[in-house]
Amino acid sequence: MAPRTSRSAPRDCPVCGDRLSLTRLSCQACGTELSGEFESCEFCSLSPDDRQVLRVFLASRGNMKELERHLGVSYPTARGRFDALLARLGLAAERPAPAPRVELLEQLAKGEIDVEQAMTKLDQR
C-alpha cells in the first residue's frame, strides 16, 4: 500500500466562499467515526511551509532576525513571508501609507527609478 500524503483541509467553501465547518472525525486505526459540530483549527489549513515559519517565529519568541536566519533569506524577504502568513490568517493590519521619502527610497531600492530620477523628485518636494 502506498504511503498516505498529508493534505490540508480547505477553510472556505469552493462553491459560495463561506467558512466550512468541521462535522466529522475518524480514526484511521480502528475506524471509529464521530460526527457533530467541531471547532476547526485556524492553522491547519496553512501550508507546511507557512506552519514552519509560524513555528520558528514562535520558538524564537517573535525574533525576526531568527526567522531570517532560519529561512536563509534577507530581513525584508523574511518580513514579507511573515506578513503574507498573517494575511492568510486574516491578521494583517492595515499599514499606513509610507511617507513620500520612504516611498521614493523603496522605488529606488526596487530599481523602479534610478538615482537621478530620485534626486529630481526630491528637489520637487
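Modeller: Helix α4 (residues 100-110) packs with helix α5 (residues 115-124) at an angle of about 170°, their axes 10 Å apart. Axes here are lines fitted to C-alpha atoms, for helices over the stretch in contact, and angles run from 0 to 180 degrees between N-to-C directions. Helices (H or I, at least four residues) and strands (E, at least two) are DSSP runs, numbered from the N terminus. This is a predicted model, where local features need pLDDT of at least 70 and side-chain atom pairs count only at pLDDT 80 or more, while totals for chains, interfaces and linings use all residues. Residues are numbered from 1 along each chain as its sequence is written, and side-chain values use heavy atoms, with hydrogens and water left out.

Biologist: Is α4 roughly parallel or antiparallel to α5?

Modeller: The two pack at about 170°. Angles under 35 degrees count as roughly parallel, over 145 as roughly antiparallel, 65 to 115 as roughly perpendicular and the rest as oblique. So α4 to α5 is roughly antiparallel.

Biologist: How many disulfides does the structure hold?

Modeller: A disulfide is a pair of cysteine sulfur atoms within 2.5 Å. Cysteine 13 is in none, and its nearest cysteine sulfur, that of cysteine 16, is 3.9 Å away. The number of disulfides is zero.

Biologist: Is cysteine 16 buried or exposed?

Modeller: Buried means under 20% relative accessible area, exposed over 50%, partly exposed in between (1.4 Å probe, protein chains only). Cysteine 16 has a relative accessible area of 59%, so it's exposed.

Biologist: And glutamate 68, buried or exposed?

Modeller: Glutamate 68 sits in helix α2 (residues 64-71). Leaving aside neighbours within four places in sequence, it is in contact with Val73, Ser74, Tyr75 and Ala78. Its relative accessibility is 17%, so glutamate 68 counts as buried.

Biologist: Which residue in β2 stands opposite serine 26?

Modeller: Two strands pair if DSSP finds at least two bridges between them. Strand β1 (residues 22-26) and strand β2 (residues 33-38) pair in the antiparallel sense over four bridges. Opposite serine 26 stands glutamate 33.

Biologist: Which residue in the turn of that hairpin has a positive phi?

Modeller: β1 and β2 form the hairpin with six residues between them. The phi there is about 85°, and the residue is glycine 31.

How values were computed. Contact means heavy atoms within 4.5 Å.
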